[in-house]
Amino acid sequence: MWHRGGMSCKEYRDRDGQPMTEHELQVEALVPMYGLIPLSSRINVLLKMSRQAGSDTTSTAIRAIILYVATNRSVYRNLISELCSSQHSHPIKYQEALKLPYLQAIVTEALRIYSPVGFPGSRVVPPGGTTVFGHLIPEATWVMLPQWCVGRSKEIWGPDANIFRPERWLRQEGESEEEMNERLERWKRIDTTFGNGDVACLGKHIALMKISKAIVEVSKSRSQFSKSMQLTKVVPIDVVVFKF
Ligand code: HEM
């Protein structure tokens, strides 16, 4: 079985002489950064989730999306057009946001091109080794698939891999619905934004909910966005405070 790589936890013990888990060690490493005193292991994991995994990643994604939308006039217009033509609650419910294809395409595309996490945890090749694209990888080798490489790969996304283009997640000209679904399924399998397997991100759906709702509400809160579809210039985004 594949298991996660990391530091050898056997070498590290807490004040009572008990071996420390990888989670505990990671949070210990965060303690000087946040000026906190070490807490019990369970609280430490929660701390990791709220301080590092849960907030920095999500806010990075929201900021990236705001930047990409505010600097791409056609994307911005399409988003506003979709928001104006849809019936939804105020604030929007996540189930409603999921039914907005252009919004979801923006979110997915931003996470591809600007993944908040650049490197996932490594994995250890199981006994007997493995072969990937004809390359033999010996057992016990630590491997990882960095999101920043996958997300910008021209082999996967085509020559415009470095361009923010939400339309790539929608139906292409001449493409049947079946073909589109097959393409998106293939891309979903490649996607490493939230990691994969049994240690994949636990907060994926919370993050996607927060991001979708935040982008809709920020867009609507700009009166220039919602009052007129005749937008002629992109307005710089002010400081926005999110409360979840
Ligand atoms: C856009 C936002 C987020 C991104 C891109 C992201 C990405 C990731 C990635 C790449 C991993 C490592 C997975 C692996 O090694 O395979 C991870 C782990 C984790 N994430 Fe997230 N995450 C996000 C938001 C959140 C949120 C909101 C929470 C909690 C509320 C959260 C909780 C966790 C936890 C607890 C783990 C460790 C899982 C484990 O070791 O079993 N994440 N995340």
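Colleague: Buried or exposed: which is Leu-83?
Modeller: Burial is a count of C-beta atoms placed from the backbone: 20 or more others within 10 Å is buried, 12 or fewer is exposed, and in between is partly exposed. Leu-83 has 20 other C-beta atoms within 10 Å, so Leu-83 is buried.

Colleague: Before we go on, what pLDDT do local features need in this model?
Modeller: Residues are numbered from 1 along each chain as its sequence is written. This is a predicted model, in which totals for chains, interfaces and linings use all residues, side-chain atom pairs count only at pLDDT 80 or more, and local features need pLDDT of at least 70.

Colleague: OK, back to Leu-83. Leaving aside its neighbours within four places in sequence, which residues is Leu-83 in contact with?
Modeller: Leu-83 is in helix 3; helices here are DSSP runs of H or I with at least four residues, strands are E runs of at least two, and both are numbered from the N terminus. Contact means that the C-beta atoms of two residues, placed from the backbone, lie within 7 Å. With neighbours within four places in sequence left out, the partners of Leu-83 are Val-216, Ser-219 and Lys-220.

Colleague: How do helix 3 and helix 9 cross, at roughly what angle?
Modeller: The axes are lines fitted to C-alpha atoms, for helices over the stretch in contact, and angles run from 0 to 180 degrees between N-to-C directions. Helix 3 (residues 73-84) and helix 9 (residues 204-221) have axes that come within 11 Å and cross at roughly 95°.

Colleague: What does that make helix 3 relative to helix 9?
Modeller: The classes are roughly parallel under 35 degrees, roughly antiparallel over 145, roughly perpendicular from 65 to 115, and oblique for the rest. With the axes crossing at roughly 95°, helix 3 is therefore roughly perpendicular to helix 9.

Colleague: Which element gives the most to the shell around the ligand?
Modeller: The ligand has 21 residues around it, the closest being Thr-57, Gly-121, Gly-195, Cys-201 and Gly-203; a residue counts as near if its C-beta atom, placed from the backbone, lies within 6 Å of the molecule. Two elements give two or more residues to this shell, helix 2 (41-70) and helix 9. With six residues, the one that gives the most is helix 2.

Colleague: How many residues in that shell are charged?
Modeller: The shell around the ligand has 13 nonpolar and eight polar residues.

Colleague: How many of the residues of helix 8 are buried?
Modeller: Helix 8 (residues 177-190) reaches 20 Å from its first C-alpha to its last, close to the 20 Å expected; the expected span is 1.5 Å times one less than the number of residues. Helix 8 lies largely in the open, because of its 14 residues the number buried is zero.

Colleague: Where is Phe-164 found?
Modeller: Phe-164 has 20 C-beta neighbours inside 10 Å and so counts as buried. Beyond its neighbours within four places in sequence, Phe-164 is in contact with Tyr-68, Asn-72, Glu-109 and Ile-113. Phe-164 sits in the loop between helix 7 (154-157) and helix 8.

Colleague: Which residues does the cis peptide bond join?
Modeller: In general, most peptide bonds are trans. The cis bond has omega of about -5° and joins His-90 and Pro-91.

Definitions and conventions: Nonpolar A, V, L, I, M, F, W, Y, C, P; charged D, E, K, R; others polar.
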